[in-house]
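I opened this entry to keep a record of what I looked up and how each term was set. The structure goes in first.

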Amino acid sequence: MTGFAVEMSAALNVVLLLMLVAIGLAVAHTRNLLTAILLMSVYSLVSAAWLMVMDAADVAFTEAVVGAGASTIILLGAILLTRGATARVDWRAMVAPALLAVITGGLLIYASLGLPEFGDPSSPANAYVGRMYLERTGEEVGPHNVVTAVLASYRGFDTLGETVVIFAAGLGVALMLGFGPRATLAPAPEKMGDHHVVLRVAAKMLIPLITLYAFYVQFHGDLGAGGAFQAGVILAVAVILYGLVFGLRETIAAVPVKAARSVAALGVMLYAGIGVICMVNGGAFLDYDYLFSPQVEAMIPANLLGDPHEEHHWGQHFGILFVELGVLLTVSSTIVTIFYGFAGRSIDAEEAKR
Amino acid sequence: MLLAAGTAGLLVAMVLMIARAVMGPSQYDRILAANSFGTKTVLLLAVIGYLFGRPHFLDVALVYALINFVVTIALMKFFRYRSLAQPLTASAGERAPHD
C-alpha cells in the first residue's frame, strides 16, 4: 500500500467506527423492535465495510452474509411471534446494569491499551504461530488461501467444534420452535394470483444465480475470500427466497423438514468421519496427510489438477475439500431449519388465534 | 484520486442514510434508508477494493447485492402479510398492514 492508501484507510476507519457508535446508541435507545432490527442490519453492513478496510475479507464476507442477510430475515420471523416493542423500564432498575456495563467497558478499554499496535510484526500473534502458518502453508498444505489452510487444516479441530456449535443452534431452534406432524400449513391456494408475477419471475431467475454463487464461494474459498460457512448461508438464503415468494408449503415440498435436519447431522458426521479415517490410517485426528493409505494415494492420477510434475498434497487437498463439504451441508441446512422454525411457528400461532 | 473522491462521496451519502434510518419518522423511511444503505455499501466495497488494489473485494459486494434483494422481499412481506410463510398470492392471507 502506498502512503496515500494508508492515510485513506485510517480516515475510513475513523468514519466507519463513528457510524458504528452512532447506530449502536440508536439501537440501545429505540423501543421498537423492527427499528432495532433495521438498524442492526445497517450496523452489520458498516461492520462489513470496516472489516474490508482492515483487509479481513473472509470476516467481512461472513458479516455481510450472516449479519445483514440471514439473521435480519430470521429476526423478522421472530418479532412476528412477539409484541413488537419492548416495555419501558423504570430508570431506577437500570442504574445497577448501567454501572456494570460502564465498569466492564472501562476495563476493556483499559485492557486494550496493553494490546500490541495494529499490524505490529513483533506481537505474539504475528511473531510465532502466525508467521509459521504463513511460511509453511505453501509446502505443507498446498497453494491455498492461508485463511482456509488455517481454518480447515491447522485448526481443523476448532472448526469441527464450530460446526458442532452451529448444529447445536439448529437443534435448539428445532426443539423449541420446530414443528412436527401436528403443525398445519396454510392451505394451498387454488391459483397463484398474478399481481406478484414480477417478483415470482425475478425470484425464479435469481435462485439459480444465488445457488451458483454459493458453489463459487464454496470451491473458490480455497483460493480467494470466502469458504464453506459463507457458502452455506448463501445456499440457505436461496431456499429462504423460495420460501418467501412461493410460500412455506411449497418450500417444504422441495426441501422437507426431515431432510434439512438429517443433512445438518450428516455434515457434522462427514467432518468427524474424515478425522476418524485419518486416525484409522495411522495419523492423528484430522491429520489429512493420513487421509489416504499409500495404496489409495498411488491410484490418484498425477495430472488430476493439470500439471503432472507439480507436487501435490492429495491428503490435504481432499481432506479440506471434504470437511468444507461437511460444513456447507451443516450450515445451509441449519439455517433452513431455523427459518422453518420461525416461519412455521407464526402459522401455528395464527391457527391458534382462529 | 478519483476513487478517493468517490469514497468520500459515498461516506457522506451513508451518513445521510444513517440519519434517516435513526430519525425515521415512519418505518417505511427506515426500510428505504436501510435498503439504500445496502446499495451504498455494495458501491463502497467495490470502490475501496480498487482503491486498495484488491479487486477480489468485489466478491463480497456482489454477494451482498444478491442478499439485499432477499432481505428487501422479507421486509415487504413482513408488512404486507404479517407472516414469512404465506405464498405471495393475490387472495390468500393478504391483509392491511395493521389489523
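My notes follow, from the ground rules to single residues.

**Ground rules.** I am working from a predicted model, in which local features need pLDDT of at least 70, side-chain atom pairs count only at pLDDT 80 or more, and totals for chains, interfaces and linings use all residues. I number residues from 1 along each chain as its sequence is written, letter chains from A and number ligands from 1 in the order in which they are written, and take side-chain values on heavy atoms, with hydrogens and water left out.

**Chain A overall.** I looked up the secondary structure and found 14 helices and 0 strands in chain A. For this I take helices (H or I, at least four residues) and strands (E, at least two) as DSSP runs, numbered from the N terminus. I then checked burial, with buried meaning under 20% relative accessible area, exposed over 50%, and partly exposed in between (1.4 Å probe, protein chains only). Of the 354 residues of chain A, 45% are buried. For contacts I use heavy atoms within 4.5 Å. Among the contacts in chain A that join residues at least 6 apart in sequence, 70% link residues at least 24 apart.

**Interface of A and B.** I counted 66 residues of chain A in contact with 51 residues of chain B. The size of an interface is often given as the accessible area lost when the parts come together. I use that as buried area: the accessible area (1.4 Å probe) that two parts lose on being put together, summed over both. Chains A and B bury about 5,300 Å² between them, and 81% of this is on carbon and sulfur atoms. On the chain A side, the elements that give two or more residues are α1 (3-29), α2 (33-53), α3 (57-79), α9 (197-220), α10 (228-246) and α14 (314-353). That side divides into 49 nonpolar, 14 polar and 3 charged residues. The classes are Ala, Val, Leu, Ile, Met, Phe, Trp, Tyr, Cys and Pro as nonpolar, Asp, Glu, Lys and Arg as charged, and the others, Gly among them, as polar.

Next I asked how many salt bridges cross the interface of chain A and chain B. I did find 6 residue pairs in polar contact across it, both residues at pLDDT 80 or more. A polar contact is a pair of N or O atoms within 3.5 Å; within protein, one must be able to donate a hydrogen and the other to accept it, and residues adjacent in sequence count only if both atoms are side-chain atoms.

**Two residues that touch chain B.** I looked up A:Ser9, which is in helix α1 of chain A and is buried at 13% relative accessibility. Leaving aside neighbours within four places in sequence, A:Ser9 contacts A:Val53 and B:Phe52. A:Ala343 is in helix α14 of chain A and is buried, at 1%. Not counting residues up to four places away in sequence, A:Ala343 touches A:Leu248, B:Leu84 and B:Ala85. Its C-alpha atom is 9.5 Å from that of A:Gly178, 165 residues apart along the chain.

**Salt bridges.** I found 2 salt bridges over all chains. One joins A:Asp90 and A:Arg92 at 3.2 Å, N to O; A:Asp90 is partly exposed at 40% and A:Arg92 exposed at 56%. A:Asp158 bridges to A:Arg155, with the closest N and O atoms 3.7 Å apart. A:Asp158 is partly exposed at 41%, and A:Arg155 is partly exposed at 37%.

**Aromatic pairs.** Rings of Phe, Tyr and Trp (its six-membered ring) pair if their centres lie within 6.5 Å; planes under 30 degrees apart count as stacked, over 60 as edge-to-face and the rest as tilted. I found 8 such pairs over all chains. A:Phe318 and A:Phe322 have ring centres 6.3 Å apart and planes at 35°, so I logged the pair as tilted. Both lie in helix α14 of chain A, 4 residues apart, about one turn of the helix. A:Phe318 is buried at 18%, and A:Phe322 is partly exposed at 30%. B:Phe78 and B:Phe79 are edge-to-face, 5.6 Å centre to centre with 90° between the planes, and both are buried. A:Phe292, A:Phe318 and A:Phe322 form one aromatic cluster.

**Backbone.** I noted a positive phi of about 70° at A:Asp55, which is not a glycine. A:Asp55 sits in the loop between α2 and α3 of chain A and is partly exposed at 33%.

Methods:
A salt bridge is a side-chain nitrogen of Lys or Arg within 4 Å of a carboxyl oxygen of Asp or Glu.
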